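Subject: Model handover

Hello,

Here is the structure I said I would pass on. My notes on it follow below.

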Amino acid sequence: MDYVYGPGRNHLFVPGPVNIPEPVLRAMNRNNEDYRSPAVPAMTKTLLEDVKKIFKTTSGTPFMIPTTGTGAWESALTNTLSPGDRIVSFLIGQFSLLWIDQQQRLKFNVDVVESEWGQGANLDVLESKIAEDTAHTIKAICIVHNETATGVTNNLAKVRKILGRATEYLQTSVNLSHIFFLSLDTYFSYSSVTFMECFSCFFIELSDNYMHPALFLVDGVSSICALDFRMDEWGVDVALTGSQKALSLPTGIGIVCASPKALEASKSAKSVRVFFDWNDYLKFYKLGTYWPYTPSIQLLYGLRTALDLLFEEGLDNVIARHSRLGKATRLAVEAWGLKNCTQSEEWVSDTVTAVLVPTYIDSTEIVKRAWKRYNLSLGLGLNKIAGKVFRIGHLGNLNELQLLGCLAGVEMVLKDVGYPVKLGSGVAAASAYFQNNTPLIPSRI
Ligand code: PLP
């Protein structure tokens, strides 16, 4: 036996790796096969088309790399930047810290913007750096959308607003001049929708703050497929995620999606890269065989099913479900008289809640006891906040009643470690919210 048995199902509430749905487990339970036969490329083609939907992009190019989130970070950085490039990176918790460490080890010139853990990225500092950088020395902005260590979600639309849209701006101007210089006949043959789109677009661009060309690189590891994420609309240049988070698969696929601007940057980026080189993938995409090296076959079948399940539920419904799970968890925390590590409502995360415990309690004890006594797996506090918070992951293939089981478990453990919680208080707050807000299951209507 290679694990410590506990009766019943383990209540897995760490913020990744998360529960794998039964249909995905079954889809992966298969033999190896020849990835050069027509079957694997045919399936890969559908996957490449479909993963674009989870990033909300039509213009992006995805790469499904046999790696983890950390490898996906490296792929994003080394394909788009050169050693010595100045990048602005936000330190708000353990995962942004690890990404910054990687950026420094890859020899970029990292301009770190630090916030207290529990706060979001300081976008006022970004704005002043961008305003001062008229020479465009900043080559990239790196930001973790959802900091899994603290349960903080950053506002990506605001980052894009600060940067402005240098390339789209030019494109829009070209479109407009086209329209103005058209002969009257041709002018009227344009649909008014196209004209209005260009026109409103023009005003949106002008209202953006700066026309800064820095690349916008986003870690969406604990957000994509769970939180609202709009690669094209927010002008994200590289977005990435890992299979063991909201996709609800085993660890092992890092999905990286590159905008046309990022692909262009990769042509001149001088960072050394071999395993992660996008160019190797692109060569095989052209050939229609797709793989520069052996793919994780079983994971690809799992990904096919995971995407099918997400699309069957509907991505908007998936996001709404996470929003309910997040809200219910926060209501429970409030009912217990505890505080969320996230310091303001504007940053609360719908995929993970880090709960602050009173100073006389060691949160590590809570996590240990939850597993030992109730077969409940909670997330530890990491680094600076070790012992001070425990984390409830509420992402991936998870429903309301499963979360109530977790909340009931947390209440019992809190009582075990000497916190005077009223049993049932958090569960009551969460279930009252669910009872009022849970819609019918989309596929069962
Ligand atoms: N980024 C975030 C936001 C994470 O939460 C994690 C892991 O939890 C990572 C990156 C690193 O991913 P991995 O452990 O798959 O390398």
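For the packing notes, two residues are in contact if their C-beta atoms, placed from the backbone, lie within 7 Å. This is a predicted model, in which local features need pLDDT of at least 70 and side-chain atom pairs count only at pLDDT 80 or more, while totals for chains, interfaces and linings use all residues. Residues are numbered from 1 along each chain as its sequence is written.

Thr 44, Leu 47, Val 51, Ile 54 and Phe 55 of H2 are buried (20 or more other C-beta atoms within 10 Å of a residue's own; 12 or fewer is exposed, and in between is partly exposed). The buried residues of H2 pack against S2, strand S9 (238-242), strand S10 (254-258) and H12. Lys 56 follows H2 and has a positive phi, near 50 degrees.

S2, S9 and S10 belong to an open sheet of seven strands with mixed pairing, in the order S2-S10-S9-S8-S5-S3-S4 (two strands pair if DSSP finds at least two bridges between them). Its edge strands are S2 (61-65) and S4 (109-114), each pairing on one side only. S4 runs parallel to S3 (residues 86-91), joined to it by six bridges; Phe 90 has Val 113 in S4 as its bridge partner.

The largest nonpolar core has 116 residues, and Ile 141 and Val 256 have the most contacts inside it (such a core is a set of buried Ala, Val, Leu, Ile, Met, Phe, Trp, Tyr and Cys residues joined through C-beta atoms within 7 Å). Helix H12 (residues 297-313) supplies the largest share, seven residues. Leaving aside neighbours within four places in sequence, Ile 141 is in contact with residues including Val 88, Leu 126 and Phe 216.

Elsewhere, Pro 358 sits in the loop between strand S12 (352-356) and helix H14 (363-374). Pro 358 counts as partly exposed because it has 14 C-beta neighbours inside 10 Å. Tyr 419 is 61 residues from Pro 358 in sequence, and their C-alpha atoms are 8.3 Å apart.

Regards

Terms used: Helix = DSSP H or I, 4+ residues; strand = E, 2+ residues; numbered from the N terminus.
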